[in-house]
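Open the model in your viewer and keep the selection tool at hand. The stops below say what to select and what is there.

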Amino acid sequence: MKLIKQYKNIVLAVGLLTLASCSQEDQPKESLLDFTPKVKTDLDKWIDQNYIDPYNISVQYEWNQNVVDNNRFLFPPEVDKVQPALEIIKKIWIDSYTTIGGKDFVKIIAPRDFVLVGGVNVNPDDVSNTLGLAEGGKRISLFQVDYVDKKNRESVTEFVHTIQHEYVHILNQTKIFDVEAWAKITPKDYTSDPFSISDGEAQELGFISAYARSNYTEDFAETAAIILLSSKEEYAALLASIVNPAGVDAIKKKEALVVQYYRDAFNIDFYELRDEAQKNTTDVLND
């Protein structure tokens, strides 16, 4: 104990000497930090009007190495690709949920920050790409912004897949789905290597996509997202393409749990939401 007290006294003495030394030095007379407000571009003003002001969602499109994985080959989006990408997201995601869920639905439950990346986020397996990331339900990173073609349905659907999928996760963080019931449908075929088989092979096992085999929460989000991305006719065609009756039955059971979840948790008719998203997708393509 005595040694500890002596050590404290030495530290205190050094601290006093340091303060005395600093007091004799010339103090800076003005801040070296630049507090000049950034001049907003027309794009910045558009983002304010369509995302920040009505929904409190910020958008990062200029490069910030602190919000991306620096171990991947990523780059910022081309500036002229930013607004078209955001228009797609607003029309198909925000407007659809607002129409069916109510004008304040997205205002209350939403990510608060979008990070836009221009290029493809290739995974280490060199087989799959990461289309988007969600961090704690607060930030969503969207990749491949430079390659979105507003006139191509497949391109638009692939891009919107990210926000539809990640938003389901955010909804699940607000109100959990019936995990126990879900786990009973296809309990044996989840895996840490979901891309070892194709989407078609996964559907034969009762999963709407290969990625859905990752775990229960990804399965739920994929099931909801892919149905929202598909027209009624497209989804019926997907089910009709599955040879294994047990696979069809499993996907239908999962669909029923998704429909029940949206109804019970948020008083939303999931099929009405799907139809609204499809109408808005058509409007994007025809714009």
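Which residues does Tyr51 touch, not counting residues up to four places away in sequence? Select Tyr51: the residues it touches are Trp46, Asn56, Ile57, Val59, Leu86, Ile89, Lys90, Ile94 and Phe114. Contact here means heavy atoms within 4.5 Å.

Before going on, note that this is a predicted model, in which local features need pLDDT of at least 70 and side-chain atom pairs count only at pLDDT 80 or more, while totals for chains, interfaces and linings use all residues. Residues are numbered from 1 along each chain as its sequence is written, and side-chain values use heavy atoms, with hydrogens and water left out.

Next, colour by pLDDT, the predictor's confidence in each residue, from 0 to 100. The protein chain averages 85, and 77% of the residues score at least 70. Select residues 1-21: the pLDDT there is below 50, and the stretch has zero contacts in the model beyond near neighbours in sequence. Where pLDDT is low, the predicted coordinates should not be read in detail.

Switch to a cartoon view. The protein chain has 11 helices and six strands (DSSP runs, numbered from the N terminus: helices are H or I with at least four residues, strands are E with at least two). Of its 287 residues, 45% are buried, meaning under 20% relative accessible area; exposed means over 50%, and partly exposed lies in between (1.4 Å probe, protein chains only).

Of its 71 residues, Tyr51, Trp93, Tyr97, Phe114 and Tyr262 touch the most other members. Helix α10 (residues 245-266) gives this core its largest share, 10 residues.

The next stops are aromatic pairs, of which the whole structure holds 18. Rings of Phe, Tyr and Trp (its six-membered ring) pair if their centres lie within 6.5 Å; planes under 30 degrees apart count as stacked, over 60 as edge-to-face and the rest as tilted. Select Tyr190 and Tyr216: this pair is edge-to-face, at 4.9 Å centre to centre and 90° between the planes. Tyr190 lies in the loop between α6 (179-183) and α7 (199-204), and Tyr216, 26 residues apart from it, in helix α8 (residues 216-229). Tyr190 counts as buried because its relative accessibility is 19%, whereas Tyr216 is partly exposed at 29%. Then select Tyr262 and Phe270: their planes are at 55°, so this pair is tilted. Both Tyr262 and Phe270 are buried.

Key
Core = buried A, V, L, I, M, F, W, Y, C linked by side-chain atoms within 4.5 Å.
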